[in-house]
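Hello,

Here is the model for your files. My notes on the ligand site and on one helix pair follow it.

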Amino acid sequence: MTCKPTAVPPVEEIDIPALREKYRQEREKRIRPEGQKQYQALSGELPEVSSEDPHTPRQAREPVSKDIDVVVLGGGWSGVLAGVHLRKAGIDDICIVDSAGDFGGVWYWNRYPGVQCDNDAYCYLPLLEEMGFLPSKKFSDGAEIYQYMRSIGDRFKLYDGALFHTLINGMHWDEDLQRWQVSTDRGDKLRARFVIMANGLLNMPKFPAVPGIGDFKGKMFHTSRWDYDYTGGSQTEPVLDKLSDKKVAIIGTGATAIQAIPHLGRHAQHLYVLQRTPSSVDKRDNPPTDPDWAQSLEPGWQAARQDNFHRAAMEGALKPGEEDLICDFWTEITRNMMAEMEAEGWPQLSMEEFMQRREEMDYRVMERARKRICELVEDPDTAEALLPWYRFPCKRPLSNNDYYPTFNRDNVTLVDVSATQGVEAMTEKGFVANGQEYEIDCMIFASGFEVTSDLDRRWGIDQVEGRDGKSIYQHWGNGYRTLHGMMSHGFPNQFYMGLYQGGLNATIPEIFNRQGQHIAYIIQQGLAQGASSIEPSEEAQDEWVKHIRETAIDISELQSECTPSYFNNEGEKEKDEDGNEKYRWYLGESYGPGWNAFQALLQEWRDSGELPGMIIKK
Ligand code: NDP
């Protein structure tokens with residue numbers, strides 16, 4: 001079956017200047033001068049939402065003290081994939097440490113009702129061919145992903161030596177020992193030759209600093225610490241029967257909230273949805289995996305599919321005649337553009353013309369999304385309040401068939417808090433919005449994660465000190481300074497996985513997969529050469545920083561037009577070392593020439609066999 005373009009209104013029917021002005025007004029309404037400071041770090045005021053693990057009991061154990069080749073901080077996708085590649089490289093003396101009770105990262109913690117991946121699972125889940133596994137449907141349930149990660153842990157023996165329910169709270173490079181001294185909240189002392197920082201992107205729950213939040217006497221929890229004892233039901237059977245006599249409020253209408261809200265609406269006595277900025281939520285076709293299709297897959301199919309997704313969702317163009325294999329809301333703009341260009345016989349467009357047509361298609365697609373909401377939501381005022389007024393990439397595109405119909409229920413009230421730029425206050429009994437107090441039993445925070453805040457807050461480790469006691473937070477204080485986004489001068493034998501200064505792919509676990517491969521190669525080389533330390537020279541590091549900044553694609557114009565969110569650091573600009581004002585981007589500083597160019601560059605670097613730019617001490 002070939003993938004069809006969507007029916008969007010023709011450009012002539014859309015008043016783009018008027019829409020642009022409307023988008024601007026909606027943005028201005030929401031900008032808060034305090035930017036990031038509107039959020040608060042976890043503190044004693046927010047008790048059960050922080051360190052408690054609702055999923056696995058914490059077992060007592062003796063502290064561990066040992067020398068080890070590699071400590072991996074984090075057992076989410078990046079840590080697991082680092083482990084896979086270390087094992088493949090023949091490095092066995094490894095220890096993955098995570099504050100959770102198992103592998104899984106976000107898929108361990110996030111077990112809220114309805115949790116499901118928003119990306120095509122055939123792309124998203126790494127190593128499918130190698131593992132001989134196919135997800136059961138296009139958008140996997142969270143439970144399926146979690147189990148799959150555990151099976152990777154089993155297959156690659158990553159459970160051996162792993163320390164769960166353990167939080168690394170400090171590490172420093174010991175020049176005499178030529179090792180990292182790693183300490184944990186369980187009293188462990190790990191002396192590691194190498195450390196891999198696989199901290200994760202969505203590891204730290206974020207809370208709005210609502211005045212009076214600590215006064216509330218009812219129940220509160222964050223969606224990433226869902227309390228089924230309180231709500232009833234379970235992740236796999238989300239029948240939240242204990243809420244039938246409860247008034248519940250949920251803060252947030254992002255990717256998480258829109259999945260949980262239909263379940264809350266179905267079961268709570270009353271549900272208040274506190275919305276500041278509406279999401280754009282499309283229909284979700286989620287068919288089970290077709291066995292005939294599965295049978296037809298040829299070796300190499302997953303890489304080809306990821307490549308197709310990357311080009312359609314991130315690079316913005318498919319090859320003439322190439323089918324959109326993903327065929328969902330992520331690829332809609334490109335799919336529609338390609339269909340129109342094909343109908344016109346593939347006209348030669350300048351980059352400027354191409355971008356203009358893309359922008360027009362963006363307005364047309366968003367107009368289609370808004371029309372759909374008006375068709376689905378019965379009350380016109382509620383429908384109006386749910387309309388998203390911004391460009392398509394300003395927020396994560398979402399899909400859910402039950403979200404909008406939930407607002408047709410008598411027991412569900414949408415509370416628009418955009419006029420006050422968020423929930424005004426909390427009291428002993430509930431919350432205040434638009435001057436009115438609402439009494440509730442339970443407040444659920446679907447308020448997201450620390451994504452663009454300062455690194456120490458995101459990592460949550462007080463002390464990460466390289467040579468001569470230099471803090472990584474200080475070293476990167478004016479922007480990341482790395483070689484290839486994975487190592488930094490003055491921090492020997494330390495590796496970073498995540499979105500710092502490297503290539504971007506539309507499939508985030510694929511980024512970690514390739515980083516894991518590259519890092520395992522360097523460690524293997526280091527061990528084979530009997531190196532006591534490896535680090536990039538300052539020149540190699542600075543050259544990379546210069547190169548990545550010179551080749552960067554400037555998206556600040558688009559960011560400046562978006563409603564505030566982690567996409568544009570809440571609309572807050574900062575000055576870089578050269579005095580240029582920029583928005584921090586949640587995807588880090590990405591390599592302008594693209595993913596394939598970045599992979600080719602790393603391949604060439606490895607093929608040289610000489611670890612160019614590295615200082616190797618024996
Ligand atoms: P988000 O950061 O996307 O959403 C947070 C929500 O809280 C927003 O609606 C925000 O409003 C709202 N909010 C924050 N402060 C206030 C306030 N003071 N008053 C009222 N509302 C407030 O978090 P999510 O957990 O939804 O998603 C985070 C990320 O997790 C996603 O972008 C995605 O990357 C990932 N995710 C992925 C899924 C997947 O399927 N792969 C599923 C779920 C999440 P505003 O927009 O106005 O700031």
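A polar contact here is a pair of N or O atoms within 3.5 Å; within protein, one must be able to donate a hydrogen and the other to accept it, and residues adjacent in sequence count only if both atoms are side-chain atoms. A backbone N or O atom of A255 lies 3.0 Å from an oxygen atom of the ligand. For T253 the corresponding backbone distance to a ligand oxygen is 2.9 Å, and for D118 it is 2.4 Å. The protein covers 92% of the 910 Å² of accessible area that the ligand has on its own (Shrake-Rupley method, 1.4 Å probe).

The model is predicted: local features need pLDDT of at least 70, side-chain atom pairs count only at pLDDT 80 or more, and totals for chains, interfaces and linings use all residues. Numbering starts from 1 along each chain as its sequence is written, and side-chain values use heavy atoms, with hydrogens and water left out.

The ligand is surrounded by 26 residues (a heavy atom within 4 Å), and the closest are D118, T256, T277, K395 and Y566. Helix α8 (residues 255–267) gives the largest share of this shell, 3 residues (helices are DSSP runs of H or I, at least four residues, numbered from the N terminus).

Elsewhere, helices α2 (residues 77–88) and α6 (residues 142–155) pack with their axes 10 Å apart, at an angle of about 25° (axes are lines fitted to C-alpha atoms over the stretch in contact, and angles run from 0 to 180 degrees between N-to-C directions). That makes α2 roughly parallel to α6 (under 35 degrees).

Regards

Terms used
Helix = DSSP H or I, 4+ residues; strand = E, 2+ residues; numbered from the N terminus. Parallel < 35°, antiparallel > 145°, perpendicular 65-115°, else oblique.
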